[in-house]
Amino acid sequence: MNRNAAPTVHDAYIEYQRRSQVPPTPPKDGPSRFVGAGVDAHAQVSRSVDAMRSELDALAARLYAAPEVGFAEHRSVRAVAEVLEAHGVTPEVGVYGLETALLARVGSGNGPHFAILAEYDALPGIGHACGHNLIAGIAVGAFVSAAPIAQRLGATLLLIGTPAEENGGGKEHILRAGGFDEIHAAAMVHPAAGSRVSPIWGERTTGVRRVAVTYRGRAAHAAGQPWLGLNALDAVVTAYQSVAQLRQHILPIDRVHGIITDGGAAPNVVPESAAALFYVRSGEIDTLRVLTDRVVDALEGAALATGTVAEIELDPVPPYLPLEPNVELMRRWSQALGERGRETPPSPAVPAAAGPSTDMGNVTQFVPAIQPSIGLGGPDTVHPHNAAFADWTVQPAAFAVMADAAAALGSVAIDYLADAGLRAAVDEEFAARGGRYRWEA
């Protein structure tokens with residue numbers, strides 16, 4: 001289907017059913033058929049990462065100790081910049097119209113361009129409970145270790161620091177500013193719980209759109225003259241119940257969840273204003289559009305039922321699109337990780353979209369890209385978006401994972417830059433999936 005079209009509910013769901021009943025033939029697991037940069041170059045990257053282990057550990061610990069939320073990562077981006085400067089790279093901070101975005105570049109500007117992406121924003125209240133401090137360390141280690149080889153190849157290697165993955169869609173802002181226009185491929189690595197490692201095919205994620213609604217009614221004394229009021233809280237409750245009823249008729253790849261953000265000021269006053277925020281998720285772009293439309297219909301219906309006015313704001317944060325990893329790049333990641341003694345598991349029979357979302361999905365829709373995950377180990381109580389996970393990111397076991405991931409990511413970068421056959425296969429796979437896509441509301 002046309003990813004910028006507005007399909008009907010029936011057409012979109014029939015198309016999903018057709019595709020799910022006849023899934024595409026998946027690629028087989030196994031080593032990459034391409035030479036890449038070669039084992040000697042991989043070994044050089046690996047030695048370089050190991051040589052800067054103390055710097056990477058210190059960077060991750062520094063970010064952990066002073067967590068900053070999205071678009072406010074001023075100390076964090078400065079910490080990243082200082083490590084790069086210590087290795088002879090002077091990054092730009094405050095690029096793409098974002099104060100805490102970063103760009104570092106090595107190479108001639110000719111030839112292929114590969115971008116390594118870093119995140120460094122934290123979660124409110126629980127700090128680096130998603131491990132973005134390790135993401136920054138992985139990215140910096142990969143970039144610094146791969147930079148000399150990229151320069152010898154006459155290629156361009158970039159490190160792009162992307163703010164506000166948790167709350168603001170920094171990567172989409174950078175996309176809209178043209179930050180990925182010159183990029184041919186991109187990659188980053190995300191920490192995970194337990195010992196889980198992304199399979200060779202990678203892991204898909206859902207896309208997400210935010211829908212905020214404020215209902216305007218009319219205040220009145222809730223006991224003395226309630227008939228004069230138009231209850232905005234009733235509208236929110238009706239909307240919430242309508243969305244809850246919608247859930248039984250949505251796709252298995254869909255999720256909708258929301259909260260009431262304003263329910264009024266006092267029980268004895270009919271609320272003249274009330275508000276809610278919903279997250280709408282789906283595993284495909286067309287079904288994400290359809291589900292959003294259905295939620296908006298439910299919100300508007302609640303206004304009609306209660307005599308209030310609905311002020312609906314779509315996408316107060318840019319949409320996060322489904323993440324579609326490039327299999328050829330994932331093969332290189334798997335091979336490089338194996339060289340560090342960590343194996344990837346067999347791929348599932350049919351890759352399915354997982355529940356969470358990330359703005360890295362927007363990048364994978366625009367250029368061939370990957371975001372493999374790698375487990376940090378730890379007890380069962382250690383899982384992302386939990387304070388215990390933040391504490392685990394600065395344990396020796398997590399630092400060891402960070403080093404292995406950095407070496408593997410740096411190897412993926414130089415493989416892409418060195419091997420024209422690999423680049424052609426990456427491009428062919430990306431074109432077969434539909435090529436470059438930019439979100440249009």
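Which residues line the largest cavity? The legends below take up this question first and then turn to other close-up views of the predicted model.

**Figure 1. Lining of the largest cavity in the predicted model.** The lining consists of Glu 172, Leu 175, Leu 321, Asn 362, Tyr 437, Arg 438 and Trp 439. By class, these residues comprise four nonpolar, one polar and two charged. The volume of the largest cavity is about 40 Å³, and the count of cavities of 30 Å³ or more comes to one.

**Figure 2. The second largest pocket and its lining.** This pocket has a volume of about 690 Å³. Its lining is made up of 26 residues, and those nearest the centre are Cys 130, His 190, Thr 205, Pro 356 and Ser 357. Four strands, β6 (190–192), β7 (204–205), β8 (207–216) and β10 (273–282), each contribute at least two lining residues. The largest share, three residues, is supplied by β6. In terms of class, the lining holds twelve nonpolar, seven polar and seven charged residues.

Figure 3. Helix α9 spans residues 327–339, and its 13 residues reach 19 Å from the first C-alpha to the last, close to the expected 18 Å. Ten of the 13 residues are buried, so the helix is largely enclosed by the rest of the structure. The buried positions are Val 327, Glu 328, Leu 329, Met 330, Arg 331, Arg 332, Trp 333, Ser 334, Ala 336 and Leu 337. At the start of α9, a side-chain oxygen of Asn 326 comes to within 3.2 Å of the backbone nitrogen of Glu 328. After the helix comes Gly 341, which has a positive phi near 90°.

**Figure 4. Thr 364 in helix α10.** Thr 364 belongs to α10, which covers residues 360–366. Because its relative accessibility is 0%, Thr 364 counts as buried. The side chain of Thr 364 reaches the backbone nitrogen of Glu 324 at 3.0 Å. Beyond residues up to four places away in sequence, Thr 364 touches Pro 322, Leu 323, Glu 324, Ala 369, Phe 430 and Arg 433.

**Figure 5. Leu 323 and its contacts.** Leu 323 is located in the loop between β11 (309–314) and α9. With a relative accessibility of 1%, Leu 323 counts as buried. The C-alpha atoms of Leu 323 and Val 363 are 8.1 Å apart, while the two residues are 40 residues apart in sequence.

**Figure 6. Positive phi at Ala 164 and at Asp 315.** Ala 164, a residue other than glycine, has a phi near 55°. Ala 164 lies in the loop between β4 (156–161) and α6 (170–176), and its relative accessible area of 0% places it among buried residues. Asp 315, likewise a residue other than glycine, also has a positive phi near 55°. Asp 315 is situated in the loop between β11 and α9. At a relative accessible area of 18%, Asp 315 is buried, because the class takes in values under 20%.

How values were computed: Residues numbered from 1 in each chain as written. Predicted model: local features only at pLDDT ≥ 70, side-chain atom pairs only at ≥ 80, totals over all residues. Heavy atoms only, no water. Buried < 20%, exposed > 50% of the residue type's maximum accessible area, 1.4 Å probe, protein only. Polar contact = N/O pair within 3.5 Å; in protein donor to acceptor, adjacent residues only side chain to side chain. Contact = heavy atoms within 4.5 Å. Expected span 1.5 Å × (residues − 1). 1 Å grid on protein atoms, 1.4 Å probe; cavity = no way out; pocket = protein on both sides within 12 Å on 5 of 7 lines; lining within 4 Å. Points joined across faces, edges and corners; volume = space filled by probe spheres on them. Nonpolar A, V, L, I, M, F, W, Y, C, P; charged D, E, K, R; others polar.
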